[in-house]
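Keep the sequence and the model open while you read.

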Amino acid sequence: MCLVGEPNLMLLWKKGLLVSLITSAGVLLSACGASQTLRALTPEDFGMTCTSDNVCVDDAARIGEARKLNRHALGFVAANVGPIAQPPRVLFCSTRDCFAQFGDPTVAAHYIIGFDTIVVNDIGWYNFIVRHEMIHHWQAEQIGPARSSRMPRWYLEGMAYVLSKDPRDPLPSPEIEGWRDQFNAWIAKGNDWRVPPR
Ligand SMILES: [Zn+2]
């Protein structure tokens, strides 16, 4: 059992009851890699500097670039997907070693469901990547972190790849292309992305 994406634990977290669980389950969490994820809660302890608008960087010289990417993604999602009630914290790593402190360093970015946090890797400093992760935050806000973690991948990822207007052709894997196609076919039948499939 890992912490992130575990619906019952996420509900406890939302109720502020998880602190004692984290302490008592420390061995378990580190055994499944979730200790990396917990670090995202205190990025300042891991070499990051955070601003009042919830943007964190490991390289202070890139704060302007990071804030611009964040502002763009927030505006894009609000205009094209739906309103965001509470913007997430966004950690921008300029090195792979920085990102590896928080998760699998082979990905460009990830959204930590239940923690309202996006982490961007050194290869992820692109508008379409931050838009994609911001859509995952919108999904968590709309559907709730527990329920959204149980939604089908084609819906969550298909929406994120399609609505972010990801310019890659082909997308990174045949599986992802399949999710995109399934999402597009579902929309073509008249479904609204704001109303999740049953
Ligand atoms: Zn995604």
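Asparagine 184 sits in helix H10. Helices (H or I, at least four residues) and strands (E, at least two) are DSSP runs, numbered from the N terminus. Asparagine 184 is partly exposed, with 13 other C-beta atoms within 10 Å. The scale is simple: a residue is buried if 20 or more other C-beta atoms lie within 10 Å of its own, exposed if 12 or fewer, and partly exposed in between, with C-beta atoms placed from the backbone. Along the chain, asparagine 184 and methionine 159 are 25 residues apart, yet 8.4 Å separates their C-alpha atoms.

This is a predicted model: local features need pLDDT of at least 70, side-chain atom pairs count only at pLDDT 80 or more, and totals for chains, interfaces and linings use all residues. Residues are numbered from 1 along each chain as its sequence is written.

**Helix H10**

H10 covers residues 174–188, which makes 15 residues. The expected span of a helix is 1.5 Å times one less than its number of residues. For H10 that gives 21 Å, and the end C-alpha atoms are 21 Å apart, which agrees.

Which residues of H10 are buried? They are Trp179, Arg180 and Phe183. Seen down the axis of H10, these buried residues fall within an arc of 95 degrees, so they line one face of the helix. The arc is taken over the directions from the helix axis to the C-beta atoms. An α-helix has 3.6 residues a turn, so residues three or four places apart point the same way. Pro174, Ala185 and Ala188 are exposed on the other side of H10. Just after H10 comes glycine 190, with a positive phi of about 100 degrees.

**Packing against H9**

The buried residues of H10 pack against helix H9 (153–163). Two residues are in contact if their C-beta atoms, placed from the backbone, lie within 7 Å. From H9, the residues involved include Trp154, Met159 and Tyr161. From H10, they include Ile176, Trp179, Phe183 and Asn184.

The two helices, H9 and H10, pack at an angle of about 90 degrees, with axes 8 Å apart. Axes are lines fitted to C-alpha atoms, for helices over the stretch in contact, and angles run from 0 to 180 degrees between N-to-C directions. H9 and H10 are therefore roughly perpendicular to each other. That class covers 65 to 115 degrees; under 35 counts as roughly parallel, over 145 as roughly antiparallel, and the rest as oblique.

Most residues other than glycine have a negative phi, and most peptide bonds are trans. A cis bond joins aspartate 169 and proline 170, with omega about 5 degrees. Proline 170 lies in the loop between H9 and H10.

| Residue | Phi | Loop between |
|---|---|---|
| Aspartate 116 | about 55 degrees | S4 (109–112) and S5 (117–120) |

Asparagine 54 is partly exposed, with 17 other C-beta atoms within 10 Å. Aspartate 116 is partly exposed too, with 17.

**Whole chain**

The protein chain has ten helices and five strands. Of its 198 residues, 38% are buried. Mean pLDDT, the predictor's confidence in each residue from 0 to 100, is 86, and 83% of residues reach 70 or more. Over residues 1–32 the pLDDT is below 50, and this stretch has 35 contacts in the model beyond near neighbours in sequence.
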